[in-house]
Each structure stands twice: as C-alpha cells, then as structure tokens.
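Please walk through the model below, going from its loops to its helices and then to its nonpolar cores.

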Amino acid sequence: MRRTDRAVTDNRQIQSIIEQAKVVHIGMIDNDRPYVVPMQYGFVFADGQLTLYVHCAKEGRKLDIIKKNPRVFIELETNVEIISGGDIPCKYGSEYASVMGDGTAVFVEDVKEKILGLQLMMKTQSGRDFEITEQMTKSVTVLRIDVPCVTAKSRTKT
C-alpha cells in the first residue's frame, strides 16, 4: 500500500467498514476480460479473515465465470464524500473508507450453511434477524467468498 498513512490495521475498524458498506464489488476474469458486479452481502470477520455470503439467481454470467475460475477480488467502500479544493482542481479529493482482498468463491451446497449465509446477509442489509427456511434456499444460489487477508484504507478531511 503506497499511502501507509491511510492504512487501517485495527480489526475493529475494519469490521466497522465492512458493516457500513452494504455493497461489495466482486471482480472476476471472464476469459481474458475483467468483469465486476456489485452485490449485497452478509459476512463473518474474525482474526483478519473475511467470509462473505452473497446470493443470486441459479444461472447467469457471474456463475458461469466462477465455475471456470473461482478466484475473485473484492472491494467495498463507505463514507465517500468529496473534499473540496475550491478553485484549485488538484486540491480536490474524497473522504472514504475501503476494504479489499483476494478471495475464492465457493458454491454453497449445504442447506444449513445456505440458511446461515442468507441470515447473515439479511442482518447486514437490514439490521434485523430473519428466519430463513430450507424452502427459501431452493430458489437461489448462495456463494461464499473466502478472503484470508484484507487490506483497508481510510481518509478523512484534514
């Protein structure tokens, strides 16, 4: 990371960024072309390791790509706000907090884990606990993205 002064290394701060962001951008490689999709997520963050859960339809480009190459890159950001430079364009910037990392996407087949993933997703998105039934899991694909190490950055107005 070039700007080490913006590095976030405290796991509590990193978890706070993950809790606030609400949308993860998942980067994949489709043959030799990049492909990125924004998705809502649920998560577990422990000991610097991030596990994301996302859900989607049972077919589509994203799933076709992941079947061929499960390696992904995740990025999420929050607290984005323009920092004005007034009349000097080079003085403009942004406040932000972000988390990024290399991961592996896994198709979740176990019903209990699918239920857990969907419950975590609903908790992250709504702040509420929902009961998810086995029947509800049958209409969606649940992916788990294992990110063994993340990096995080933050910039606030100075």
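Asn31 sits in the loop between β2 and β3; helices (H or I, at least four residues) and strands (E, at least two) are DSSP runs, numbered from the N terminus. Its phi is near 60°, a positive value in a residue other than glycine. Asn31 counts as exposed because its relative accessibility is 62%, where exposed means over 50% relative accessible area, buried under 20% and partly exposed in between (1.4 Å probe, protein chains only). The model is predicted: local features need pLDDT of at least 70, side-chain atom pairs count only at pLDDT 80 or more, and totals for chains, interfaces and linings use all residues. Residues are numbered from 1 along each chain as its sequence is written, and side-chain values use heavy atoms, with hydrogens and water left out.

The loop between β4 (42-46) and β5 holds Asp47. This residue is not a glycine, yet its phi is positive, about 55°. With 76% relative accessibility, Asp47 counts as exposed.

Helix α1 spans residues 11-21, and its buried residues are Ile14, Ile17, Ile18 and Ala21. Seen down the axis of α1, these fall within an arc of 95°, so they line one face of the helix; the arc is that of the directions from the helix axis to the C-beta atoms. An α-helix has 3.6 residues a turn, so residues three or four places apart point the same way. At the start of α1, the backbone nitrogen of Arg12 has a side-chain oxygen of Asp10 within 2.9 Å. Lys22 follows α1 and has a positive phi, near 75°.

In helix α2 (residues 61-68), Lys62, Leu63, Ile65 and Ile66 are buried. They cover an arc of only 160° around the axis, which puts them on the same side of α2. Exposed Lys67 and Lys68 are carried by the face turned away from that buried side. What do the buried residues of α2 pack against? They pack against β2 (23-30), β3 (33-40), β5 (49-56), β7 (93-107) and β8 (141-147).

A nonpolar core is a set of buried Ala, Val, Leu, Ile, Met, Phe, Trp, Tyr and Cys residues joined through side-chain atoms within 4.5 Å. The largest has 31 residues, of which Ile18, Val24, Ile26, Tyr41, Leu50 and Ile74 touch the most other members. Leaving out residues up to four places away in sequence, Val24 touches Val37, Pro38, Met39, Tyr41, Leu52, Val54, Ile74, Glu75 and Leu76, contact meaning heavy atoms within 4.5 Å. A second, separate core has eight residues, including Val108, Ile115, Leu118 and Leu120.

Terms used: Polar contact = N/O pair within 3.5 Å; in protein donor to acceptor, adjacent residues only side chain to side chain.
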